[in-house]
Amino acid sequence: MELHNRLLFTLLLGTILFLAGCREGRALSPREQFGDNKWYFLALESMQQGMESEAIGYLEKGAQKSDDFLAKKCLEELSRFGTVSQRVATAQELYKRFPDEDSLLRLSQALLDVEDYEQIIYLTTDVSEPLPVELTAIRLHALAKKNKQGMAGELEDWFFHESISQYHKEIYDSFKDTLIPSVFSEEDIQRLKIRLAVHQRDYGQSFRILAELLQGQDDVYLWLVQQSEEMLSDIGRTFLYGTQKLTDAANFLETALKQLEEGTPPYTAFYLNFYSARLYDKGLGTGSRKALEKFQAAMEIAPTPENYDNALWYYFSTQLKISTAAAEKALKQYIPTIYDPLYYGDFFETMALRYVTNRDWNGLLRCYNLIKEYADGETLSRYAYLSGRLVQLELIDLDEFPQEILDELVNVQQEMIVEKMGQQAVGQDLPVAEAVSRGLFAAAYREGGDLYYRLLASVQLGYSPAVVRQSLYQTQLLEDFQRDADVELLLGGFMAFDLPERIYPLWQEHSRSIGLEVAQKAAAHLSLYGTDLYSAQGLRLMSNAIFHADIQTTEEMYRLAYPRLYAQEIATAAQKYQLPEYLVYALIRSESFFDAVVTSHAGAVGLAQLMPATAGDIARKLKLTDYDLTNPQTSIEFGSFYLAELVGRLDGSIIEALYSYNAGITNVRNWKKYFPDLPEDLILELIPFTETRNYGKKIVSAAAIYGDLYYGVSHKDVVTEIMFQ
């Protein structure tokens, strides 16, 4: 059956609209191509048109005639129609034919509607795998209704040994006046209320309950160390965010540690150490010695890799509060022990900002050499590029570094030149500083690095447009990719039968099991509808897919991720305000993903994401009294006018205008005032707003891609125009 689905989907990949194939010289219709797998999609079409009885007929046929995957989808849809008893019967058939977790959940939901609690209990007893939280909630609801003996243990496990969810709150609200008081002691009810309050981030409430609960204990420390892992974590957060007496709370947890006996679960000591460390760190101030000791203690006994990375991240961050030198010392000791490099990306970003702000130029290169074998690709490309630029500007003193480190960096440069340009391009030996800087730029350019730093590195290396174009659109492939032929078949059906509203949600749910070629077709299909909603969905789909791919990307895929929507409006505005079209496209894409009616959390509106007050100022300058920011032409013109005006006010600096577009011109002038001697690519790194730093990088990258894809302007020329003029 799986082979059948794979062969069928191979057929479906041939075109975007009807997924090519032919018979006797004519295109096959979707009905012909899908055969008996068409019924599910025909049913969805009928439901879309409000023809319920016709849809039910299609679903009944599909349940009997289609391949297993789509037959199951038909039964799932059928279980939503008819009387209560009919829905139960359909759900029973579904579970009988396809006895998996999803089918059990649907059947249990149907049985809950008819109050068949005994059947729910029977079906969910002795299940081999742990039940998902929603199914557990249904089971517990049924147990409660039947007041089954022994359910207290299940209820206690669910409430105190699992992460709290909305289903926990629903069960509590349903039975807080009946079952809960009969099953739980008053103390357990108080513990449960703490967990629910923490889940809702009402730490004041959770702390009040905890304080009252502790007052009633004969031995508060013994009580604390007897709590479950999940309960301990909630108690730690309660202390951390629910009280101002942080040091007292830390001392309390530390004292509890001394009460531990042999045989206590390892998570108990971990959480007591971890939260006492965080409390000391927050309560005692910068770089608390007590906090550092406790983070180290937590690391030594961390029961899982995730726990270890969490404690080590805080240990590094606490050291950084003392100084970059302290953080470097910690990195030298512990960086080889990290589990997930991506977990530390924000820490390394903060550390880079600290180096630049403190003008500790040598520190960036020292840190790069510490982390180059361990950090994530984005971090390494940032540190390598910045270090290379600082060496190039003679701001780094290479005499501080051992010769073997410099030799290694020079070798990277030589290897990259051979790889990109051939052995004959190596040429004569370069001066040490130039060879080292080029080695660092070569390291920044490696696949898997951040696109922005790779672009800047390509400019510094002087790579030809052909070399850059050949390698820049390459991506690191997913190592654990496993294609799901059934999901790809479903996606193909949504395209073939004109069901665009289902494409993006399905891709979001299964993006890591849908091949890049299939994602490309889905994005292209969505773009055909010409609406803001589907165009934005197709753009988001492809923008994510090209960086999480199972095969190498192509320029055509990048065209889908960087489309030219609203071409006439952008061409007109760009010409009117003397801006490159690729820059306006990059601005609009970065601001709104071409969604003309989107409004940000801050209140920015439309394609160009202008605040109403800013738009009002622009309208007065343009002598307009009546305007609509959700109108594409208006938003594009206002945004282009504003950007061009900022460029003029900032002496022609495009990148400073972009910073100002995001963060305001006053902030930009203040940043420049503190570092008047730095070039723009380094100025960007000291911006204290993460959003603005990322915003600048995103637009530079997008403009370079638009220039290359559509205007014959090399990445180098675009980056130079924006960053270095």
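Let me begin with a term: a residue is called buried under 20% relative accessible area, exposed over 50%, and partly exposed in between, with a 1.4 Å probe and protein chains only. By that rule Lys576, at 51% relative accessibility, counts as exposed.

What we have here is a predicted model, in which local features need pLDDT of at least 70 and side-chain atom pairs count only at pLDDT 80 or more, while totals for chains, interfaces and linings use all residues. Residues are numbered from 1 along each chain as its sequence is written, and side-chain values use heavy atoms, with hydrogens and water left out.

Staying with Lys576, its side chain meets that of Glu637 in a salt bridge, 2.6 Å from N to O, where a salt bridge is a side-chain nitrogen of Lys or Arg within 4 Å of a carboxyl oxygen of Asp or Glu. Lys576 lies in helix 34 (residues 567-576) and Glu637 in helix 37 (residues 632-649), so this pair ties together parts that are 61 residues apart in sequence.

How many salt bridges does the structure hold? There are 35 salt bridges, and I will show two others. Lys372 pairs with Glu408, the closest N and O atoms being 3.1 Å apart; Lys372 sits in the loop between helix 23 (361-371) and helix 24 (377-392), whereas Glu408 belongs to helix 25 (residues 403-421), 36 residues apart.

Glu93 bridges to Arg97, with the closest N and O atoms 3.7 Å apart, and because the two are 4 residues apart in helix 6 (residues 84-97), they are separated by about one helical turn.

Let me turn to a pair of helices. The axes of helix 18 (residues 266-284) and helix 20 (residues 305-322) come within 11 Å and cross at roughly 20 degrees, the axes being lines fitted to C-alpha atoms over the stretch in contact, with angles running from 0 to 180 degrees between N-to-C directions. Helix 18 is therefore roughly parallel to helix 20, a label for angles under 35 degrees. On the helix 18 side, the contact (heavy atoms within 4.5 Å) includes Phe270, Tyr271 and Phe274, and on the helix 20 side Ala311 and Tyr314 are among the residues involved.

Finally, Asp234, found in helix 16 (residues 229-242), is buried at 3% relative accessibility; leaving aside neighbours within four places in sequence, Asp234 is in contact with Arg195 and Val198.

Technical notes
Parallel < 35°, antiparallel > 145°, perpendicular 65-115°, else oblique.
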